[in-house]
There are 2 protein chains.
Amino acid sequence: MTVEVHDSEVDIVIAALQPNLTPFFEAWKPFFSRFHVIVVKDPELAAELQIPSGFDVKVYTKSDIQGLLGATSINFSGHSCRYFGYLVSRKKYVISIDDNCLPAKDPAGMTVDAVTQHMVNLKTPATPFFFNTLYDPYRKGADFVRGYPFSLREGVECMLSCGLWLHNADYDPMTHVVKRNQRNTNYVDAVMTVPLGAMLPVSGINVAFNREVLGPVMFPGLRIRKEGNHRWDTLEDIWNGLCAKIVCDSLGYGMKTGLPYVMRSDAEAGKALESLKDWEGVKLMDDVLPFFQSVKLSRNGVTVDGCVKELAGIVREKLAPKNPIFAKAADAMEEWTKLWKSHGAQSA
Amino acid sequence: MTVEVHDSEVDIVIAALQPNLTPFFEAWKPFFSRFHVIVVKDPELAAELQIPSGFDVKVYTKSDIQGLLGATSINFSGHSCRYFGYLVSRKKYVISIDDNCLPAKDPAGMTVDAVTQHMVNLKTPATPFFFNTLYDPYRKGADFVRGYPFSLREGVECMLSCGLWLHNADYDPMTHVVKRNQRNTNYVDAVMTVPLGAMLPVSGINVAFNREVLGPVMFPGLRIRKEGNHRWDTLEDIWNGLCAKIVCDSLGYGMKTGLPYVMRSDAEAGKALESLKDWEGVKLMDDVLPFFQSVKLSRNGVTVDGCVKELAGIVREKLAPKNPIFAKAADAMEEWTKLWKSHGAQSA
């Protein structure tokens, strides 16, 4: 499926967790250069950023965050700094890729244009109500298989596109330690809608979404006790994705996963082992998932903002008694809806 | 993942809708020859079957069906004759492939061993409770991604494996007519568990299942008014798959889709156009799917047999008033549980 992608409707948001972004930007030049790029510097990062010329870049730093938001209970350090970029973007769509990822190659050796693939995912319909065994029915050469009801073939709007990663897969620290030599080499040439009611772990590594619609639910809500600059330390994106899926399911929107791939640089297994010392993410997910599997939003939450407020209330009621970090997550979710109203809910 | 496949645990079931099975058997020889093959001849087919030597084959004909079952309300003509093979098999697993399909080649040019791939799908766990973005977590080189709860990483037993088709895709007659020159060339190298609660159109073209467990739900239940020998004329497999998914969801079993592919011979678009004259499958699915999306079995149906009886009752209550063919489907489902008890529920 071919879609038109206008420069004026997409921002690229990059969280800078390391100072030298030159190799990153050079590699992405063919795909990023026509778009406005928002770089949000990790507030914990002291060194000056190196960004090559030839891009329409705006860098936001700790002082920009403090200046715009003042006192806020939301912690924008580490990977969470990218969410500030979502807030200051004025575009309909946002694409965000981690700064340790480069363009991947497909099995034919062609460099993957992750921007265009994300936009195809977002601009073609999603089909959450029935699974199409031939994957994306709108893709060239594909269609709906026999038995697919005709009344569902229009699909619904896709609000989030979760891309994948070759080489260093997105594992938790235990898996990184145990499988330190394993690399993901399997390029699966498919995009699919995640069915209604099915939960998935959305990774923030390589993600795109409709910011105008989904903005109020794209927050850094859950922060585990000790977070570093490694993906394996975080659950903010997983929590964010589960919240977004609940909201999309509730409002009849779709979410896709699969293409595009990015090439992700090596993990450092030794550091993964270190971070296990303080890591409580394992236990958390075993509480979190049953919660999300059973949560049902009322029919009153007809906006994303309304759904988030309701969901935050249910988190506070049901999960917060189990662990105080869920109370903080609920605080952050409510705070985010206010920040979004004041700062995010504006388009170009 | 490597699994051991014993000759004594698998039957291949082939519905013979055409007399000359020589090219079919010759092509499948490397993969079928070590297994017992059950050929069920379409009761409507008059000509004698041609099957090459070198196989452990047993052929069942109209007189075998009548002799074993006597008077039955179930119609075993056309594609539905394969279900008789499920009944007379004495093995734990059954693999069934349409007689117009040959082994496919993977992108590296290797001929696909569909038997082994189906058995890998069935013998490795399924993960219906949370979607793994890297697809099958048990596959070599893959694992569960970050955020996947550890308590769910054991998975559950996989009861059905739905394979796919290259070249001639499994479309309804309208799509065959409209896209008469389109061929499926996209080999997606993935197997995935269809999530809990998500419905899918299981095609009977290339399918495998745990016969010992799932047998009571592997019936030809729904027959549309005018069925021929073309897949596009039938909904029996789609209905069967939806019933099987409901039962698997209710009992905590898994169902997978994806690999293996088979190569399917061309459709005849002219004949597809012909069959549209009497085809009511389109309207039916628009009633059927909402029914399956909302049906919930009680916790009393703790066996597949119990679930089927309960489901048949709900079909009779909710769907039969809309169209008499649903009453016939409910009859066939109940009849099948009796046939299975008398003839199917025996192992080697």
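A salt bridge is a side-chain nitrogen of Lys or Arg within 4 Å of a carboxyl oxygen of Asp or Glu. The model is predicted: local features need pLDDT of at least 70, side-chain atom pairs count only at pLDDT 80 or more, and totals for chains, interfaces and linings use all residues. Residues are numbered from 1 along each chain as its sequence is written, chains are lettered from A, and side-chain values use heavy atoms, with hydrogens and water left out.

**Exercise 1. Characterise the salt bridge of B:Arg146 and A:Asp170.**

Step 1. The side chains of B:Arg146 and A:Asp170 meet at 2.7 Å, N to O.
Step 2. The pair crosses between chains. B:Arg146 lies in the loop between α4 (114–123) and β6 of chain B, and A:Asp170 in the loop between β6 (158–167) and α5 (173–178) of chain A. Helices (H or I, at least four residues) and strands (E, at least two) are DSSP runs, numbered from the N terminus.
Step 3. Both B:Arg146 and A:Asp170 are buried. Buried means under 20% relative accessible area, exposed over 50%, partly exposed in between (1.4 Å probe, protein chains only).
Step 4. Shared partners place B:Arg146 and A:Asp170 in one network, which also includes A:Asp98 and A:Arg231.

**Exercise 2. Describe how chain B and chain A are related and how they meet.**

Step 1. Chain B gives 58 residues and chain A gives 58 residues.
Step 2. About 4,700 Å² is buried between the chains, 61% of it on carbon and sulfur atoms. Buried area is the accessible area (1.4 Å probe) that two parts lose on being put together, summed over both.
Step 3. Between chain B and chain A there are 8 salt bridges. One of them joins B:Asp172 to A:Arg153 at 2.8 Å, N to O.
Step 4. On the side of chain B that touches chain A, α9(B) gives the most, with 5 residues.

How values were computed. Copies are superposed by least squares on the C-alpha atoms of residues with pLDDT of at least 70 in both. Contact means heavy atoms within 4.5 Å.
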